[in-house]
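Let us walk through this structure together, one step at a time. Please have a look at the sequence and the model first.

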Amino acid sequence: MAAENPLESLQEEATCPVCLEYFTEPVSLECGHNFCRACISQCWEGFDTAASCPQCRETVQQRNLRLNRQLANVVEIAKRLSLQAAKGAGGDGVCGEHQEALKLFCEEDQTPICVICRESRGHRAHRVIPIQEATQEYKEKIQAHLKTLKEEREKLLGFKVTGEKRSQEYLKQTENERQKIVSEFQQLRQFLEEQERLLLAQLEKLDEAIVKIQNENVSKLSELISRLSELISELEGKCQKPASEFLQDVRSTLSRCEKGKFQQPEEISPELEERVSGFSQQTIVLSETLRKFKDTLPSALETKRGKPLGAHRQGNVTLDPDTAHPKLVLSEDQKSVRRGDTRQRLPNNPERFNCWACVLGCEGFISGTHCWEVEVGDGGYWAVGVARESVRRKGGISLSPEGGIWAVGWWGGQFQALTSPETPLPLSRFPSRIRVCLDCDQGQVTFIDAGDEAPIFTFPPGSVPGERIRPWLWVCQGSQLRLCP
């Protein structure tokens with residue numbers, strides 16, 4: 001293994017890990033890492049007090065930045081050693097062939113040269129300008145690109161912060177809904193348990209009244225049966241006696257027989273019977289109510305999940321050729337679209353997309369719930385969803401809710417939800433047929449795997465604005481999408 005170059009090691013130690021240039025006003029963090037003051041300030045822009053080290057991610061306090069004077073001295077030494085090494089090797093500042101100062105710049109060869117090189121055959125016919133002028137010219141170009149790149153970085157950072165904030169808002173919203181559901185079902189359970197206790201207590205009292213009446217009737221009947229048994233025994237004995245004895249007091253005996261015809265006691269009072277009948281009717285009503293509740297609850301849950309039950313109307317969606325990008329080829333029935341190889345000669349009307357290969361559906365929706373299915377296949381790059389009527393048609397567009405598009409798609413080997421331009425949300429499944437469910441009243445779009453009815457992704461209620469919404473497709477090279485009947 002070759003020995004490590006000490007100068008390169010020194011240059012590495014004197015380099016900022018953010019800008020990859022020599023440290024400028026180096027500062028040290030609590031964790032021991034060093035950065036340019038301007039670089040760390042830019043990384044921490046937007047944070048109040050506490051932030052994290054870009055290198056080790058340890059939380060540090062911004063006010064504890066310390067100027068590292070020793071590192072600044074090391075940087076100056078590294079710069080001087082690098083300059084001496086370059087001059088010794090014929091590098092920057094000195095021509096290696098003629099040992100003359102590099103005062104000129106050859107634009108054809110894109111290299112600094114000396115005045116002797118300028119007169120040589122290799123550079124005599126080339127356009128040459130002073131090195132200071134070339135430096136200023138190219139520095140301005142680099143600075144312009146640098147400004148653009150920094151602006152793009154700031155824009156991406158903004159998108160990242162917005163996406164994270166939106167995700168936190170969604171999580172907070174789902175947590176609130178979770179608490180509401182738990183609270184509602186807890187109240188429902190308490191209500192049902194209270195009703196159960198009340199009805200069972202009333203039934204208990206009714207049982208006691210029935211048992212009491214039954215016991216009273218049994219006691220009365222037992223007494224009557226005993227008296228009748230005694231009279232029967234007496235009559236049977238009298239019938240066995242001789243005539244003279246038999247006829248004695250016979251009128252009194254018959255009178256007692258007449259009085260022995262007892263009335264049957266009433267088993268259940270009309271009032272008690274009415275109470276029993278009333279409870280039977282209550283039970284029927286309760287059973288019917290619970291049945292309707294059980295039938296309704298799954299439907300509500302499936303609708304929340306995004307299943308297009310009775311509330312979602314299956315739409316006969318077709319594609320609008322006046323909006324199709326010139327490279328998109330539509331079928332005759334306007335149900336299928338693919339990306340062609342050449343740009344068709346079509347009128348550049350205001351409705352037509354001219355940059356992104358998109359097409360809208362002919363149908364627009366402003367209220368109610370609607371759904372349709374798209375067969376996506378397994379090739380190329382594509383996206384399906386909805387877009388607002390006012391979505392941008394000319395030039396670059398943002399494939400995200402910010403750009404007026406709510407969709408899922410496949411590209412870069414990943415199935416994703418287009419939640420934001422810079423950080424789309426990866427999804428766990430890749431269906432071959434997608435059902436798009438639009439609820440205009442709730443401002444919600446749900447995507448479902450039409451194969452097994454499993455939910456894919458939902459843009460939550462309130463995401464889609466209250467304006468005319470149309471089906472939207474994006475088709476890239478090698479893919480074809482088809483609206484299913």
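**A bridge across the chain**

In this predicted model, the side chains of E402 and R166 meet in a salt bridge, with N and O 2.5 Å apart; the term stands for a side-chain nitrogen of Lys or Arg within 4 Å of a carboxyl oxygen of Asp or Glu. E402 sits in the loop between strand 14 (382-388) and strand 15 (405-411), while R166 belongs to helix 5 (residues 131-239), so the pair ties together parts that are 236 residues apart in sequence. Helices (H or I, at least four residues) and strands (E, at least two) are DSSP runs, numbered from the N terminus. With a relative accessible area of 37%, E402 is partly exposed. On this scale, buried means under 20% relative accessible area, exposed means over 50%, and partly exposed lies in between (1.4 Å probe, protein chains only).

A few words on how to read these values. Residues are numbered from 1 along each chain as its sequence is written, and side-chain values use heavy atoms, leaving out hydrogens and water. As the model is predicted, local features need pLDDT of at least 70 and side-chain atom pairs count only at pLDDT 80 or more, whereas totals for chains, interfaces and linings use all residues.

How many salt bridges are there by this rule? The count comes to 17. One of them joins R197 and E194, whose closest N and O atoms are 2.6 Å apart. Both residues lie in helix 5, three residues apart, which is about one turn of the helix. E194 counts as partly exposed, at 42% relative accessibility.

Another salt bridge links R468 with E389 (3.5 Å, N to O). Here R468 lies in the loop between strand 20 (454-459) and strand 21 (469-475) and E389 in the loop between strand 14 and strand 15, so this pair ties together parts that are 79 residues apart in sequence. R468 is partly exposed at 38%, and E389 is also partly exposed, at 29% relative accessibility. Salt bridges with shared partners join D320, E389, R393, R468 and R470 into one network.

Now turn to the strands. Strands of a sheet pair through backbone hydrogen bonds, either parallel or antiparallel. Six strands of this model form an open sheet in the order 12-21-14-15-16-17, with antiparallel pairing. Its edge strands are strand 12 (358-360) and strand 17 (425-426), each pairing on one side only. Two strands count as paired if DSSP finds at least two bridges between them. Strand 16 (residues 414-417) and strand 17 pair in the antiparallel sense over two bridges, and A417 has L425 of strand 17 as its bridge partner.

What lies inside? The largest nonpolar core has 47 residues, and W372, V384, V408, I434, V445, W472 and L481 touch the most other members. Such a core is a set of buried Ala, Val, Leu, Ile, Met, Phe, Trp, Tyr and Cys residues joined through side-chain atoms within 4.5 Å. A second, separate core of 16 residues includes A14, C16, V27 and C39.

Finally, step back to the whole protein chain. Its secondary structure comes to eight helices and 22 strands. Of its 485 residues, 29% count as buried.
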